[in-house]
Every structure is written in C-alpha cells, then in structure tokens.
Amino acid sequence: MYDTDVLIIGAGPSGLTLAASLVKKGFATTVVDRQAAGANTSRAAVVNSRTLEVLEDLDVARRLVKEGIQAPRFSIRDRAQTLIPIDFSGLPTNYPYSLMVPQSTTEKVLLDRLVELGGSVIRPKTLTSISHDADGVTAMFDDGDVIRARYAVGADGIHSTVREQAGIGFQGGSYAESFMLADVRLSGEAPLDEVILFWAKAGMTVVAPLPGDIFRIVAPVADAPEVPSAAFIQQILDNRGTGAGRMVVTDVIWGSRFRIHHRVADTYRAGRLLLSGDAAHVHSPAGGQGMNLGIQDGVALADALARVLAGEPDSVLDDYSDARRPIAQQVVEMTDRLTRLATLPRAARPVRNAFIGMAGRVPSVRRALAMRLSGLVYR
C-alpha cells in the first residue's frame, strides 16, 4: 500500500519543478520541506536560455519572463576595459538572454504553478529517516508521520538527508575564500541590461541587475562580514569595479556571506532513492549555473519517473543518472576554472587579464562561452 507515487524531500527550484512536472503528467506526488513558507533567501539570480526552454511545457517560462529583466550581454572586465564581451542575442533560442530574477520569485512562480495543477507543499516538516526495499520507500518525519511511496527524491540541498541515508558519496571540496553576497540599490554607472564580471587586481566582483532597480553584488573576500554594510560594499566596488565613485551604493536591501563547495554525488540513484538539484551537485556561482542545472534535473527526472511508473523498466532511472551526472561534472569543472582564475594571487592577475583579453578577441571563443553559459550546449 502506498501513500503516494513519488515523495519529494525539498521544495527548492529543482523539487518544485519535478513535482509540477509529475502532477501535470497525472502521478500522485507529495512534497515536504523543512522550511516554513517564504523562508528561502534570494541567492540565485539568473535563469538561462536552456532552463526557460525546458520550462515551456510547464507553462512557467512565459511567467518567469514577465517577472525578470532580460540581459542579452555578459562581459568580463578589468575596470573599464572589456576583456571578453559575450552576446547572447544571436543564439538559436526563443530566449536569447540571461533572465535576471531573484530565486524567491522563481520559487514562487513554480509553487503557484504546482498549486494550479493540484499539488501542494507540506511544511514545515523534517525528514528524520528514510529507507527503501524492493517494493518502495518508507520515510519517517519529526512529527511522527510515516509516508510510504513507490520512489523518493532528495531535492534537499547540500546537506541532503536522503543522500546521506542512501549511502551515496559526495566527492569534492571547498574554496578557502568566503564570498559576500548583497542586493543593493546603486546610482551611477550601474548596468541595466548586462551582467558584468570584474576581474581586478583586488579580486573578482559580479554586478548584475535585478527587477525593482536592485543590483546583485557577489565578491570573494578573505574574511567577509556576516552582514555586509553599505560602506563595505562601496569599498569593494571602488577597488574592483569601474573606478572609485562610478557606482555608488545608496541602499542595502539584503546581504550575507557564504562559502562555496564543489562536489558531485557518486551516483544520482540508490535503488528507489534518487537525487536532484543541490543534493546531487554544488559548485561555484561563477557563471550562474547552479539553480539552472537543478531545474533541468527536475524536468529530466520527471520524464524518467513517469516512464517507470507507466510500466517501463526501472533501468530508465539509471539512464537519468548516467545522463545528468556528466553534465554536473562539466559544470563543476567550468565554474571551478572561472573561480580559480578569478581568485588568483594579485601578482598573477595582470598576466591572466592579458591572456583573457586576447582570447576574448576570438569570435569562436565568445560563441562557445555563450553556448555554455546559456546552457544550450547541454541540449
């Protein structure tokens, strides 16, 4: 006897995408999340072209586009000098841009669509143990509830309980530097339709536009403050941006610090337990790939589970793992290279900038980067 076809632990972007896709296909789906509603912070800020493509079938892409800012350009700069200009506008897609939208908005749009389709999220509810046998999965929760499902998916983040109890390894490491993240209001030379990655002698900084005249600032800092002040963020922009006083912080909406891991699960499947999103892979935010990869996991896993639940052999779930895991490894390698280049010692940065500047003059290099950052290379 089963309570549901699929039990999903975690209601982040990957879990919500998976749930909405399964409900739309007609399968009983239960989603639980340990956080109260609205508790998620606005970490991810970009939805790329390939993600918008895979969300079309859910009727989510057009809704997200209405909520975000279209940024058709991405550039790597050293002060005012552009080292690599990347133009998405000529890419073979209906979404030739990076869509800048806070993760909180992306999650709300996905949740609203799940509810429209007849689904819901049970929260706050914390998984305490999970096991599987030849016939199904048994999950126990902090409130004493027990749920029996045909399959369960851990979409519960870097510290995934599902992954740990499934005995799946999570190989990798972490970067020594901490990172500052802040959403601010700016005056001056703030980019309105472009994401800029500054590679300065003082270090890397990302400046990206968000809806509501807000800008996302991300920067590696040796010892970032827990809550960055306007003065601290201003110093970062003056030292690493286009020049002192050219971008001025007028208000800090939200800020935090975090450390970055780069890890990929040894497999995305252990019997009837599966992984998706950050439970399966985590990496540097360089290039804005994390949430996008998780959403694409959700769509791919929904297709695989639907086929198995409809009677196909469960080896289809191995195909999901075999297809998605190499993509995560490629993304981890790419973002690791970008992060290590961005955090080189001061003495090496002028040489790096000269090399990147030469590479940026080659059209094929710019095109390859555009295809990879947009996610279209993973079609």
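Is Arg-269 buried or exposed, and what is the relative accessible area of Arg-269? In this predicted model, Arg-269 is buried, with a relative accessible area of 14%; the cut-off for a buried residue is under 20%.

**Arg-269**

- Arg-269 belongs to strand β17, which spans residues 269–270.
- The side chains of Arg-269 and Asp-314 are joined by a polar contact of 3.0 Å.
- A polar atom of the Arg-269 side chain also lies 2.7 Å from the backbone oxygen of Gly-271.

**Asn-48**

- The loop between β3 (46–47) and α2 (49–54) holds Asn-48.
- Asn-48 has a relative accessibility of 2% and therefore counts as buried, the cut-off being under 20%.
- A polar atom of the Asn-48 side chain lies 3.1 Å from the backbone nitrogen of Thr-51, and Thr-51 falls within the residue range of α2 (49–54).
- Beyond four places in sequence, the residues that Asn-48 touches are Gln-289, Asn-292, Gln-296, Leu-373, Ser-374 and Gly-375.
- Between Asn-48 and Ala-359 there are 311 residues of sequence separation, and their C-alpha atoms are 23 Å apart in space.

**Packing of α1 and α4**

- Helix α1 (residues 13–24) packs with helix α4 (residues 103–116) at an angle of about 20 degrees, and the two axes are 9 Å apart.
- Angles under 35 degrees count as roughly parallel, so α1 and α4 are roughly parallel to each other.
- The crossing of α1 past α4 is left-handed.
- On the α1 side, the contact is formed by Pro-13, Leu-16, Thr-17, Ala-19, Ala-20 and Val-23; α4 contributes Gln-103, Glu-107, Leu-110, Leu-111 and Leu-114.
- By class, the residues of this contact comprise 8 nonpolar, 2 polar and 1 charged.
- An α-helix has 3.6 residues a turn, so residues three or four places apart point the same way.

**Buried residues of α6**

- Helix α6 covers residues 230–240, and its buried residues are Phe-232, Ile-233, Gln-234, Ile-236, Leu-237 and Arg-240.
- Strands are among the elements that cover these buried residues, including β12 (170–188), β13 (194–200), β14 (203–210), β15 (214–221) and β16 (247–265).

Methods. Residues numbered from 1 in each chain as written. Predicted model: local features only at pLDDT ≥ 70, side-chain atom pairs only at ≥ 80, totals over all residues. Heavy atoms only, no water. Buried < 20%, exposed > 50% of the residue type's maximum accessible area, 1.4 Å probe, protein only. Helix = DSSP H or I, 4+ residues; strand = E, 2+ residues; numbered from the N terminus. Contact = heavy atoms within 4.5 Å. Axes fitted to C-alpha atoms, helices over the stretch in contact; angles between N-to-C directions. Parallel < 35°, antiparallel > 145°, perpendicular 65-115°, else oblique. Left-handed = near helix turned anticlockwise from the far one by under 90°. Nonpolar A, V, L, I, M, F, W, Y, C, P; charged D, E, K, R; others polar. Polar contact = N/O pair within 3.5 Å; in protein donor to acceptor, adjacent residues only side chain to side chain.
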